[in-house]
Amino acid sequence: LEGAARMNAYHDAVMRNAKLFEGRVVLDVGCGSGILAIWSAQAGARRVYAVEATRMAEHAKVLVEHNKLENVVTVLEGTVESLELPEQVDIIISEWMGYFLLRESMLDSVLHARDKWLRPGGMLFPSHATLYLAPIVSEEHEQKVEQYDDELDSWEYFVQRMQQAYGVDFRVLSDRFENEQRKYFLQTARWADVKPGALLAEPCALVTLDLSTVTVEELKTLNCPFEIQISEEKFALHDLDGPEELQAFCGWFDVDFRGSSEEPAAIPIKLTTQPVEHASTHWGQQVFHVHPSHLCVPGDIFKGHLRIQRNRHNQRLLDVWMDYAHTTQQGDRRSHVRCFYIE
């Protein structure tokens, strides 16, 4: 509730498009405190069903009653998959987004509600979501590499000590230990508050999801082509005479409130989690550290595919594969395949 960018975007999307809500039936999926349901009612909705799976529903009921909207807003405790509604709805509103859009997100529940309860031609708020990728320099990169190297040195000392002091050879576990440390320090995506000056190129839009048509099955694996060219303008901000290190890729998302094709929003609203100087969102950005890093200059091109798929052990987490080539100004081309984890 304290995130100004998020609150302002949702408030503007509802209140500046109040005509879309007047006399309508609204479903708020994962209502939390009930704030979106309350705004929907204030915008003129005839009936609002606010669904919350946790005991937070009790607080939402109190808030709704205190604001004298209990005749419009009905708070239902339970999952949207398990509850029944007495009628179809005209609008589904939800703040479902997770880190890098899809980690631990509630989008599956929103799509279930869409398929079961949204009338033909109904609206979703937000209606679209777009993922972005950009190359960056990262102050954290060298620190992570040093921590990784330190852990490997500590392991070598441990193996020697176990052999010398206790006669037990631990070398059989060395590869497993190294893989665990690599995953933690170098392959696990990090939350970061990236500033615009860290970018080395204009962002590339990876994929845009139309929430009126996308399916849960499609979300299980997203294959996103990308092409990024190192920018002269961005590069100049780093005041270098020679090549710069591309130390990481940075990912974020936007969501748009456009209404529907039948009833477009009079004033479309965008909520962005892009790098900004001030007032970043709680989602921040996800940073994928590249080791070893790439030396690059303006004009260098990074082209390939990024695959996002659900972790097979925990469907709420994500595995991210990047398969790309770095082509330099001189025409040299090197291919890379990297795996990252959003946990």
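**Aromatic pairs and helix packing in a predicted chain**

Among contacts in the chain between residues at least 6 apart in sequence, 74% join residues at least 24 apart, contact meaning heavy atoms within 4.5 Å. This is a predicted model, in which local features need pLDDT of at least 70 and side-chain atom pairs count only at pLDDT 80 or more, while totals for chains, interfaces and linings use all residues. Residues are numbered from 1 along each chain as its sequence is written, and side-chain values use heavy atoms, with hydrogens and water left out.

Trainee: How many aromatic pairs does a search of the whole structure find?

Mentor: The search finds 15 aromatic pairs. Rings of Phe, Tyr and Trp (its six-membered ring) pair if their centres lie within 6.5 Å; planes under 30 degrees apart count as stacked, over 60 as edge-to-face and the rest as tilted.

Trainee: Why is the pair of tyrosine 10 and phenylalanine 257 called edge-to-face?

Mentor: The ring centres of tyrosine 10 and phenylalanine 257 are 4.9 Å apart and the planes stand at 80 degrees, so the pair is edge-to-face. This pair links distant parts of the chain, with tyrosine 10 in helix α1 (residues 4–15) and phenylalanine 257 in strand β10 (residues 244–259), 247 residues apart. Helices (H or I, at least four residues) and strands (E, at least two) are DSSP runs, numbered from the N terminus.

Trainee: What makes tyrosine 10 count as buried?

Mentor: Buried means under 20% relative accessible area, exposed over 50%, partly exposed in between (1.4 Å probe, protein chains only). Tyrosine 10 has 2% relative accessibility and therefore counts as buried. Phenylalanine 257, with a relative accessible area of 1%, is buried.

Trainee: What geometry do tryptophan 155 and phenylalanine 177 have as a stacked pair?

Mentor: Their rings lie 4.5 Å centre to centre, with 15 degrees between the planes. Tryptophan 155 belongs to helix α6 (residues 141–166) and phenylalanine 177 to helix α7 (residues 174–187). Both tryptophan 155 and phenylalanine 177 are buried.

Trainee: Why are α1 and α3 described as roughly parallel to each other?

Mentor: α1 and helix α3 (residues 35–42) pack at an angle of about 25 degrees, with their axes 9 Å apart. Axes are lines fitted to C-alpha atoms, for helices over the stretch in contact, and angles run from 0 to 180 degrees between N-to-C directions. Angles under 35 degrees count as roughly parallel, over 145 as roughly antiparallel, 65 to 115 as roughly perpendicular and the rest as oblique. α1 and α3 are therefore roughly parallel. Residues making the contact include Met7 and Tyr10 of α1 and Leu36 and Trp39 of α3.
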